[in-house]
Amino acid sequence: MSTISRWRRDRKLMYILGINSAYHESSACLVQDGRVVVAAEEERFNRVKHGKQARADNPDELPANAIRFCLDSAGITIADLDHVTCAADPDEIAAVRAAGLPSPWNNPDKQELFLNTLPNIPQQFAQEGFGGPFHWVPHHTAHAASAYFASDFPDAATLVVDALGDDAFSTRMYHGRGNQLTNVADIRYPASIGYLWELCSVFLGFGVYDAAKVMGLAAYGDPTRYTAAFDQLAWTTDPGGFDMATDRLKFADILYYPPSADCSGLIEALGLEPRRPEDPLLDVHHDVAAALQVKTNELVLHMARHLHTVTGSTRLCLAGGVALNCVANQVAFEDGPFEELYVQPAAHDGGLSVGSALHVWNAVLGNSRGPQMRHAYWGPSYSEDEIETELSAHPELVFERAADFERDIARLLAEGMVIGLFQGRMELGPRALGNRSIIADPRRREMRDVLNRKVKHREYFRPLAPSVLAEAVPDWFEVAKPTSAGDFMLMAYPARPERYAQMGAVLHVDNTCRIQAVRSDTNPRFHRIIAEFAALTGVPMVLNTSFNDQEPIICSPQDAVNTFLKTEIDYLAIGPYLVRKAPDDSTG
C-alpha cells in the first residue's frame, strides 16, 4: 500500500472526481470529504475555447489536463479515487429516443454515435487504474447540485435554466432539503430559453456562444419595438412554466461549426432580415436584443414565483447557462418573493463537474453537507520561482519586485495605466475575479474604449465591470436584497446617480453595473489593491475585465506573458513582480 493510500485510510478521507465532457465547457473537480478542494475548466489548459468542440463523436474526449491538475494538487492517482462521476445520463437520452420525443438531434446516426461513444468514459478510467464506482449524473441534476449543495442553505427552491440537458428537458425545478434534491416541475424541449438566445445570437450576426454579447447589446435598445413579436414566440403558462412557438423556432437546425441557424421564424415574427457579421449594428438590432432580455426576465421571474409557491422556501438557487444572465438574476430575485439567493460562479456547463461530485457525496452517499462555496479561486497557482523563470526567458521584459505591491499598483492605476493582474489561484467560471484580470481606472470614461479596442479587440457595446470593496457597495449601488451572487459578477445593479461622474468607464449605457463585491477574507490582496486605490482617489473600485484577448482566460505565467506582449497592456503584476516592456531601442 502506498504512503498516500495508507494516510488516506488512517485519515478516512474520501475523494470524488467529477467531470464534464459530454458536450462542451469540459471541466474537472475534486471533492474531498464533501469539500471542493480544486476545480478547473479544460479550456484554460489546452487554450481551446470551451475545452473542445461539441460534437457527436467526442463526448469521451476527457478534460485530461484539468483531471491531471486535480489529482496532482491532492497528491493522488486515479487509483486512489473512491468515486468518479460524469454529468450525463445515457439512459435518459436513450429513453427519449425510444419514446420518439422531440430531440435536437437532426441526424439519428449522430445521436446513435453519441450514445455509443459515452460508455468509453468509464472504460478510460478503468484502463487508467480506477476500480471504484462510476456514476452518471443527469445534466440538470448536476446543475442543481452545483448550486444547492455549494450553498449553505438548509433548504432552497432550485431553478435550472439552459438550452438542453440529456435531450429531454430545457428547464427543471427542484426543492433542495438537507442532502437531497427533489424534482418538482419540468419544461420539455423544444421550448428552451437557452436555445432562444443561441438562435437570436446567430440572427444578430454573432456566434452561437455569444449570449453575453447579446446581453450587453440589450441595454442599448427599446424593448417595446418588438415586445409583441416576442410575445408570439414565447409565453408563460400556468401554473409556472412557459411554452414557445416551436414550429417557428427551429432549434434543431442550430449549428455550432460554423455558426448558423434557420432564422425563418424570427424573420417572419420580427419583419427583419438577419444581420450579417460584417454589417453595422443598428437600432433595430439593439431593440431585438432588448426585447429578448425582457422576455427572458418575464419567463424566469414567472418560474421563480411558482417555485416559491410550490416549495414554500424563502431561498432560491439558480444554475444553468441562463443563470449567467445577471439582468435576469437581478429581476428574479429583487422583483420576486425570495429573501436569499445563491448562484455559484460556474453556473454554466463548466460547473457540472462540481455538481456531479457534490451530488454523489450528498444525495447518493447520504453524507453531511460540506461548506459553502464562497469564492471562485479553485484553479492552479504558481510559485515565485516558476514566475521568475518565465519572466527571465524574455529579454524584452523588464521586471522588479515591487517595493509596496498594492500601493504601487494603485498609483499606476490612478496615473491611467492598464495592468494585467496575475495572482494566486485561477478562478473557476467565465468571470475573472481579480486573479486573472485586467484592471484599470474606472473614473476615466475613455478607458472603456481603450480596453475594448486596443487590448480586448472586441465590440464597442461590451460593458466592463467594476470590482468594488464589498463594504462600499451600498454607498455606490442600489441593492434591494444583498446576495453573494454579487461576489461573482452575477448580478446587475443600478449605480447611484450621484456617483455616475466617478465611474464613467464601468457604467453601462443603462446606468447599471455587473459588479464584483470584493471581500477581504476571500481575496485579501485584491481587496488591498482596491483599498489603496480608494485612498488615493476616493473611489473604492477598479475596472476589471478578464485577462485574455480573443482566447480563454489565461492560466499560467506563460499565458500571461504571451497576452501581455501582444496587447497594449502597460504593466503586468504577476506574483510579487511588476513587469513592463523594455524600451524599443531600434533606430531603423
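Modeller: Two strands are taken to pair if DSSP finds at least two bridges between them; strands (E, at least two residues) and helices (H or I, at least four) are DSSP runs, numbered from the N terminus. The model is predicted, so local features need pLDDT of at least 70 and side-chain atom pairs count only at pLDDT 80 or more, while totals for chains, interfaces and linings use all residues. Residues are numbered from 1 along each chain as its sequence is written, and side-chain values use heavy atoms, with hydrogens and water left out.

Asn 20 has Ser 27, in β2, as its bridge partner. This bridge belongs to the antiparallel pairing of β1 (residues 15-20) with β2 (residues 27-32), which extends over six bridges. The two strands are part of an open sheet of five, in the order β3-β2-β1-β4-β5, with mixed pairing. At the edges lie β3 (35-41) and β5 (134-137), each of which pairs on one side only. From one strand to the next, the twist averages 20°. Helix α6 (residues 120-127) packs on this sheet and touches β1, β4 (83-87) and β5, where contact means heavy atoms within 4.5 Å. The direction of α6 makes about 155° with that of β5; such angles run from 0 to 180 degrees between N-to-C directions, and axes are lines fitted to C-alpha atoms, for helices over the stretch in contact.

Two helix pairs may now be considered. Helix α9 (residues 211-218) packs with helix α12 (residues 283-311) at an angle of about 100°, their axes being 8 Å apart. The two are therefore roughly perpendicular, a term for angles of 65 to 115 degrees; under 35 is roughly parallel, over 145 roughly antiparallel, and the rest oblique. From α9, Val 214, Met 215, Leu 217 and Ala 218 take part, and the residues of α12 in the contact include His 285, His 286 and Leu 292. The residues of this contact divide into seven nonpolar, three polar and no charged.

In the other pair, the axes of α16 (residues 405-414) and α19 (residues 524-537) come within 8 Å and cross at roughly 50°. These helices are therefore oblique to each other. Among the residues that meet are Phe 405, Ile 409 and Leu 413 in α16, and Ile 529, Phe 533 and Leu 536 in α19. The residues of the contact of α16 with α19 comprise eight nonpolar, one polar and six charged. Here Ala, Val, Leu, Ile, Met, Phe, Trp, Tyr, Cys and Pro count as nonpolar, Asp, Glu, Lys and Arg as charged, and the others, Gly among them, as polar.
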